[in-house]
Amino acid sequence: MNIQLHTSRLLAGLAIALPLAASANAILDGYQAETKGTFSAAAGEMLYRTVGPNQLSCASCHTDSPKNVGKHAKTNKAIDPMAPSVNPKRFTDAAQVEKWFKRNCNDALGRACTTQEKGDFVSYMLSVK
Amino acid sequence: MTYFKSITLSLTLLGSGTLALADGGGNLPALHPKMEQECSACHIAFRPNFLPTSSWKQVMASLDKHYGTDASLSPADQKEITDWIIANSKEQGEAPPENRITKSFWFTRKHGTNHVKPEVWQRASIKSKTNCQACHADAAKGDFNEHKVRIPR
């Protein structure tokens, strides 16, 4: 009796704490837990196309569509597609994702990205089919 | 006399070290796997003997401002790769301006206008002096044998 009561309480607690746990991406879930807000794929796409102070945007190297193979703006090195729909390895390794957000937000926008922006960005990437 | 001596010394060092290794392509030591992985995310992983140790130290300590790009690593990865490069490079030759391999004496001598015209570097297929493999197909393996150079259109 006692045990049953505890279980139902626990489940109710989980339901409140994780209302949007069905994103199917652990990294996005992490940003979600941090901001407790909602993310917008449209805002993420806008960020992707924003040209910053160095005349660079994400699209400068990753091309118009994140489904394409990109090219490093300086070295010409080929860059694997960023959209998980064509490159399932993307957005699976949190350390890797944080490393590149740090570098590329700095290069393209001249500043660090906020957790909200990272969540929007990953939402956009996951929405590209 | 001193001037002459220092030139002779430089040439001797270059002959025995940098160029011998850079040209050869045979029996090259394997690169540190993490170094290879991290560097080659943007360009081929350059051989440790392409810069003197003092230049490498400066390059590895300023990865957040890496020739106009933020190439920062986690502190742990940065240390691991730096330690390996220090252990596998030498303090030989003169440190090039801005710690640029492409401004090293041996590089400019081999890639001067008598060998490569300025407009060749501008080609879309080459674009950057960093893009070794555009002309040295096996550059990533450390093979810079000049007889295998093919300059793309």
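Helices here are DSSP runs of H or I with at least four residues, and strands are runs of E with at least two, numbered from the N terminus. Keep that in mind for the tour. The model is predicted.

**Stop 1**

Select chain B and colour by secondary structure. There are 7 helices and 0 strands. Read from the N terminus, the order is α-α-α-α-α-α-α. Now colour by burial. Of the 153 residues in chain B, 21% are buried. Then turn to the contacts in chain B with a separation of 6 or more: 70% of them link residues 24 or more positions apart.

**Stop 2: α4 and α5 of chain B**

Stay in chain B. Select residues 53–60, helix α4, and residues 75–88, helix α5. Their axes come within 10 Å and cross at roughly 170°. Angles over 145 degrees count as roughly antiparallel, so α4(B) is roughly antiparallel to α5(B).

Show side chains at the contact. From α4(B), pick Thr53(B), Trp56(B), Lys57(B) and Met60(B). Facing them in α5(B) are Gln78(B), Ile81(B), Thr82(B), Ile85(B) and Ile86(B). By class, the residues of this contact split into 5 nonpolar, 3 polar and 1 charged.

**Stop 3: where the chains meet**

Bring chain A back into view and select the contact between the chains. Chain A supplies 11 residues and chain B supplies 12 residues.

**Stop 4: chain A, whole**

Chain A has 6 helices and 2 strands. Starting at the N terminus, its elements follow the order α-α-α-α-β-β-α-α. Chain A has 129 residues, and 26% of them count as buried. Take the contacts in chain A between residues at least 6 apart in sequence: 57% join residues at least 24 apart.

**Stop 5: Gln55(A)**

Go to the loop between α3 (41–49) and α4 (58–62) of chain A, and select Gln55(A) there. Check its backbone. Phi is near 60°, a positive value in a residue other than glycine. Is Gln55(A) buried or exposed? Gln55(A) has 9 other C-beta atoms within 10 Å, so it is exposed; the cut-off for exposed is 12 or fewer.

**Stop 6: Thr63(A)**

Move along to the loop between α4 and β1 (70–71) of chain A, where Thr63(A) lies. Here too, look at phi. Thr63(A) is not a glycine, yet its phi is positive, about 70°.

**Stop 7: Lys67(A)**

Remain in the loop between α4 and β1 of chain A and select Lys67(A). Lys67(A) has 16 other C-beta atoms within 10 Å, so it is partly exposed.

Which residues is Lys67(A) in contact with, leaving aside its neighbours within four places in sequence? Select Pro81(A), Ala83(A), Ser85(A), Val86(A) and Val128(A). Finish with a distance label from Lys67(A) to Pro81(A). Their C-alpha atoms are separated by 5.2 Å, although the two residues are 14 residues apart along the chain.

Terms used
Residues numbered from 1 in each chain as written. Chains lettered and ligands numbered in written order. Predicted model: local features only at pLDDT ≥ 70, side-chain atom pairs only at ≥ 80, totals over all residues. Contact = placed C-beta atoms within 7 Å. Buried ≥ 20, exposed ≤ 12 C-beta atoms within 10 Å, placed from the backbone. Axes fitted to C-alpha atoms, helices over the stretch in contact; angles between N-to-C directions. Parallel < 35°, antiparallel > 145°, perpendicular 65-115°, else oblique. Nonpolar A, V, L, I, M, F, W, Y, C, P; charged D, E, K, R; others polar.
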